[in-house]
Amino acid sequence: MSLLRNVGTIGSLTMLSRIAGMAREMIFARVLGANAVTDAWFQAFIIPNVFRRLFAEGAFSAAFVPMFSKRLHEHDDPEKGLEEARSFSADVLSIFLPILIALVAVFEIAMPGVIWVLSEKPVDPQTYPLAVDFARIMFPYIILVSVVTLFTGMLNSVSRFAPGASFPIILNIVLIAALLTGEWLAENSGASVEQIAYIIAWGVTGAGVLQLVWLYYWTRVEGFRPKLLWPRITPEVKRLSIIALPAAIGGGAYQINTLVQLYFLNQLEDGSVSYMNYADRLNQLPLGIIGIALSTAILPTLSKFVGSENKSGADRIQSDAIELAMLLTIPAAVALAICAEPFVTMIFQGGRFDLADAAVTGQVLAALVLGLPAYVLVKVLVPNFYARADTKTPVVAAFISLAVFISFNIIFLSRYGVLGVAYASVIGAWINVAFLMIVLAARGFYHMPAALLLRIARQVIAAAAMGVALFYTRDLLTDWFAAGLIPRLGALSILVGAAAIAYFGLAFLLGAIDRHRIIQLTRKQ
């Protein structure tokens, strides 16, 4: 299957998930707004999500997929390969699940201390207990979604990307249902904001159960039949652990920054956590669709080329991934920066989320998207190390990025507030990219071709021209941004349409798109 088709499958389903997530955040903003209670809920929600992305998605995608894929494909006899892959996955699951249960039990007990560490001192006596309760309700979600991630890795190894890319949609649908239920209870029985927040917290764990059922079904369809055995540490499980532990840190630099970011945001005024969350939701839209889709799609292929010592093939895949990533990410970043406040107003403003909240969130978004190309490039470059079982280098990059992030937060926080946190995140992300690129080149793993650099430069020129067009178009539609649903949708459609026509038209004229490579990418490889 072609890289472009794999990315299209993952990206389209991720887009559907992100749209559902955007709908969820729109409803969340209207039902709960931006206040101390929503700060407590988002703080609690971030904690299991950070652990999920660090120890489940990042670590297992990096370590499990190449090892599982090797067992599946290294034999001429497909049945023998399938049997070895089944045995390996059963051993991993039997060790992985008890560790997850123990981890959750420890955090359930220690949760008051965890929230205290991340909170402003002294803690708010009203919101602190809420944050502890919400976190305890939602933290078991990491058990469910971590097993889901293992099943996803098994399916990705046989190029069955759709089930793994679609399971986040379930979470968004369940949370939307919980929000609408909470709003109905508020209107009909006077349910408070705190009570609605509890309903949504329980919805997170409930969604995890449904996601597990969904992925279990698809693993059975592919003939893997996952099962639990008596835990035993085999040499292969031990090797997986050695690879996965640093991968959890190296692949999760963005997530580590998120956790540290939470600490700094809690030092600011009420609503800061919520402003960052709403802004990051828009920032995550292209990051998820482009960055995660590409990193997921290229890892199995890179592993195959590296394993067969096919350097030209590995270099081609890496260049294709970077070109596709920048072709889509650069204009997305420019559009979000130019139209940050209009987008936030059109999507989130209403109910308990007023125009003042939209203005602050828009400023945060405009700052945050300056690092969007860097966040995507990290996702695209890290698989080049993982394909070589090198999970230590991304760890070094993560710690350098984290140190830069913390340093600039200390410098910016008192002067710029929540904007300072966003700027510090951007600087840390670009330092991460620079380090990874330098190491790849120094070790001879990958050198970015001059032709690719030239096309990226042309993409920047096309995106800049698009930004000018958006700047003037935006001002013509000011009265539509906070109007009714139809004017908002109309303004959003005009802005997106104008951006797409301006950017892709200029990109083709300037030669920023290699048409021959796009045709090649659509073919099976």
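**Salt bridges, helix packing and burial in a predicted model**

Lys311 and Asp315 are joined by a salt bridge in which the closest N and O atoms lie 2.7 Å apart. The structure is a predicted model, and the count of salt bridges in it comes to five. Three residues, Arg24, Glu25 and Arg281, are linked in a network of such bridges.

- Glu25 forms a salt bridge with Arg24, with 2.8 Å between the closest N and O atoms.
- Glu25 also meets the side chain of Arg281 in a salt bridge, at 3.7 Å from N to O.
- Arg281 is located in helix α10 (residues 272–307) and Glu25 in helix α1 (residues 3–32), so this pair ties together parts that are 256 residues apart in sequence.
- Arg24 has a relative accessible area of 4% and is therefore buried.
- Glu25 is likewise counted as buried, because its relative accessibility is 2%.

**Packing of helix pairs**

- Two packed helices are described by the angle between their axes and by the distance between those axes.
- Helix α6 (residues 162–189) and helix α7 (residues 193–221) have axes that come within 8 Å and cross at roughly 150°.
- Because of this angle, α6 runs roughly antiparallel to α7.
- The crossing in which α6 passes α7 is right-handed.
- For helix α14 (residues 372–386) and helix α16 (residues 418–442), the axes come within 9 Å, and the crossing angle is roughly 30°.
- The angle therefore makes α14 roughly parallel to α16.
- α14 and α16 cross in a left-handed sense.

**Burial of helix α12**

- Helix α12 spans residues 340–348, and eight of its nine residues are buried, so the helix is largely enclosed by the rest of the structure.
- The buried residues of α12 are Ala340, Pro342, Phe343, Val344, Thr345, Met346, Ile347 and Phe348.

**Leu100 in helix α3**

- Leu100 is part of helix α3, which covers residues 78–118.
- With a relative accessible area of 6%, Leu100 is buried.
- Leu100 and Ile142 are 42 residues apart along the chain, and their C-alpha atoms are separated by 7.8 Å.

**Nonpolar surface patch**

- Leu328, Phe504 and Phe508 make a nonpolar surface patch of about 240 Å².
- Phe504 is placed in helix α18, which covers residues 485–510.
- Phe504 counts as partly exposed because its relative accessibility is 31%; patches are made of residues with over 30% relative accessible area.

Note on methods:
Residues numbered from 1 in each chain as written. Predicted model: local features only at pLDDT ≥ 70, side-chain atom pairs only at ≥ 80, totals over all residues. Heavy atoms only, no water. Patch = residues over 30% accessible without salt bridge, like charges linked within 9 Å, V, L, I, M, F, W, Y side chains within 5 Å. Areas by Shrake-Rupley, 256 points an atom, 1.4 Å probe, with all protein chains shown as cover. Salt bridge = Lys/Arg side-chain N within 4 Å of Asp/Glu carboxyl O. Helix = DSSP H or I, 4+ residues; strand = E, 2+ residues; numbered from the N terminus. Buried < 20%, exposed > 50% of the residue type's maximum accessible area, 1.4 Å probe, protein only. Axes fitted to C-alpha atoms, helices over the stretch in contact; angles between N-to-C directions. Parallel < 35°, antiparallel > 145°, perpendicular 65-115°, else oblique. Left-handed = near helix turned anticlockwise from the far one by under 90°.
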